Amino acid sequence: MKYDIIVVGSGPGGYVSAIRAAQLGKKVALVERAETGGVCLNWGCIPTKALLKSAQIYVHAKQAAQYGLKIEGEITPDLEQIVARSRGVAETMSKGVQFLLKKNNIDQIRGFGRLTAPHHLDVEGTDYEADHIILATGASSREMPFMKIDGEHVISSRQALTLTRMPQSIIVVGSGAIGSEFAWFYAALGVKVTVVEYLPHLMPLEDEEVSKTVERSFRKMRVGVMTSTTVKAVRVNAEGMCEVDIESKKGAETLTSEVVLSAVGIKSNIENIGLEELGVQVERGKVVVDQFYRTNVEGVYAIGDIVPGPALAHVASAEGICCVEAIAGLNPKPVDYSTIPACVFTSPEVASVGATEQKLQADGIAYKVGRFPFTASGKATAAGDRDGFIKVLFSEEDGKLLGAHMIGAGVTEMLAELTLAKKMGATAHDIARTIHAHPTMNEGVMEASEAALGAAIHL
């Protein structure tokens, strides 16, 4: 069968590409070997947030007395029910994507897709032809040779989503979004958690001021934090406990825990999909593409985690739309990678867009800083969530927003304003003079911008 566009992979990059192509009148097929919605909907973003919500409710329930509420009896987490709810949420979202695909008359092809010739894709022995083939095959957990994942003692994020019993202790190796979110989740439920990070700060991609605040928050939860620390080896002893050999500034030592979670990053799913046979250019494990995601082979495109750039679901979706609209001749604007929002759903949450202060300093760019602590927020005080702050960075030259970094309750929902501000070239004056509703956490964005102008009123 011949199609205008075949998309390989049904994650946020793939299914969004397929739907946009169908909206533009193209005959589209979507190839998926596993659950519709890819890793994000089934084994990543969505079920993880469901787990985190359960832990957050548990923490709030334990703090009920602070809000004048009396709960009689002991509150205990039921991991089996927490996981069941998470899986139900993932299933609901997957079914939602299937509905959208059917609504847009997109053919769903089950199986493993592999390029065999220009404009041809083999799926489980059946040949499909298309004018354009978009590869959106995503990524999977990276496995390190010194830390082999066995699914029981040493686990990946997928197993962390579906543990059948609560471990007494867990060592999390890596403190990016995945590692930090699971560290907070298990610590909130009472597990003894230790985070081991190779780089000098937790959440190393975030602004240092935010990273240090996260570290203090973790320590308040009695999470062990070991930065600038290298994992040398992981083994399981005769008692079934994990022994983790590490080396830090203090020297070598061995940590012990019931479970080790490997959260050291991801690798692109590009093996055995026919790239070599067609001569598709690959560098450093990523498919090389132009600004509209065309590879060096005519008719073959790639988006999402398999191309250079942030491995984020919303980035893959944006790339997919850009790619499809370029195929359709709509001349879209290329994706602006300087305006990519990023979120970590710990408590407090972390949200950022644009340059960090360290990056501006390294690049020699003159800037102004505005800060607003949530201790000064009426809404945060009323809600009992006063931890954290908003930090905004503006150009000294033209006053435009260069970066924004937040840590606090609900800051992931506040990030869109600052992302739009950066995209539109808003200045500190523009934001400071935009009336924000009171009382809201979002007022802090206005207050921080006023602080950058030296006109802070409530500090």
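Predicted model: local features only at pLDDT ≥ 70, side-chain atom pairs only at ≥ 80, totals over all residues.
Reader: Okay. How does β4 pair with β5?
Author: β4 (residues 113-117) and β5 pair in the antiparallel sense, over four bridges. Gly113 has Val123 in β5 as its bridge partner. The two strands form a hairpin with two residues between them, and His119 in that turn has a positive phi of about 70 degrees.

Reader: And what about β5 with β6, how many bridges there?
Author: Four bridges, with β5 and β6 (residues 126-135) in the antiparallel sense. His120 stands opposite Glu129 in β6. This hairpin has two residues between the strands.

Reader: Which residue takes a positive phi in that β5-β6 hairpin?
Author: Glu124, with a phi near 50 degrees. Glu124 has that positive phi although it is not a glycine, and its place is in the loop between β5 and β6.

Reader: Is Glu124 buried or exposed?
Author: Glu124 counts as exposed, because its relative accessibility is 55% and the cut-off for exposed is over 50%.

Reader: What other residue has a positive phi although it is not a glycine?
Author: Met203 is one, with a phi of about 45 degrees. You'll find Met203 in the loop between β10 and α7 (208-220).

Reader: Buried or exposed, that Met203?
Author: Buried: Met203 has a relative accessible area of 3%, and buried means under 20%.

Reader: Switching to helices. At what angle do α3 and α6 pack?
Author: At about 35 degrees, with the axes of α3 (residues 45-62) and α6 (residues 177-188) 9 Å apart. α3 passes α6 in a left-handed crossing.

Reader: Which residues meet there?
Author: From α3 there are Thr48, Lys49, Leu51, Leu52, Ala55, Gln56, Tyr58, Val59 and Lys62. They meet Glu181, Phe182, Trp184, Phe185 and Ala188 in α6. By class, that contact of α3 with α6 has nine nonpolar, two polar and three charged residues.

Reader: What span should α6 have, going by its residues?
Author: At 1.5 Å a residue, the twelve residues of α6 should span 16 Å. The C-alpha atoms at its ends are 16 Å apart, which agrees. Just after α6 comes Gly190, which takes a positive phi of about 100 degrees.

Reader: Which strands does α6 lie across?
Author: α6 lies across β9, β10 and β15 (259-262), and runs at about 165 degrees to β10. Those strands belong to an open sheet of five, in the order β8-β15-β9-β10-β11, with parallel pairing.

Reader: Which strands stand at the edges?
Author: β8 (154-155) and β11 (224-226). Each has a single partner strand, so one side of each is left without a neighbour in the sheet.

Reader: How many bridges join β9 to β10?
Author: Five bridges join β9 (residues 169-173) to β10 (residues 192-196), and the two strands run parallel. For example, Ile171 has Thr194 in β10 as its bridge partner.

Reader: Now α9. What covers its buried residues?
Author: The cover includes β1 (2-8), α1 (12-23), β6 and β19 (300-302). Val315, Ala316, Cys322, Cys323 and Ile327 are among the buried residues of α9.

Reader: How many residues does α9 have?
Author: α9 (residues 313-327) has 15 residues and reaches 21 Å from its first C-alpha to its last, close to the 21 Å expected at 1.5 Å a residue. α9 is followed by Gly329, whose phi is positive, near 80 degrees.

Key
Residues numbered from 1 in each chain as written. Heavy atoms only, no water. Axes fitted to C-alpha atoms, helices over the stretch in contact; angles between N-to-C directions. Left-handed = near helix turned anticlockwise from the far one by under 90°. Contact = heavy atoms within 4.5 Å. Nonpolar A, V, L, I, M, F, W, Y, C, P; charged D, E, K, R; others polar. Expected span 1.5 Å × (residues − 1). Pairing = 2+ DSSP bridges. Buried < 20%, exposed > 50% of the residue type's maximum accessible area, 1.4 Å probe, protein only.
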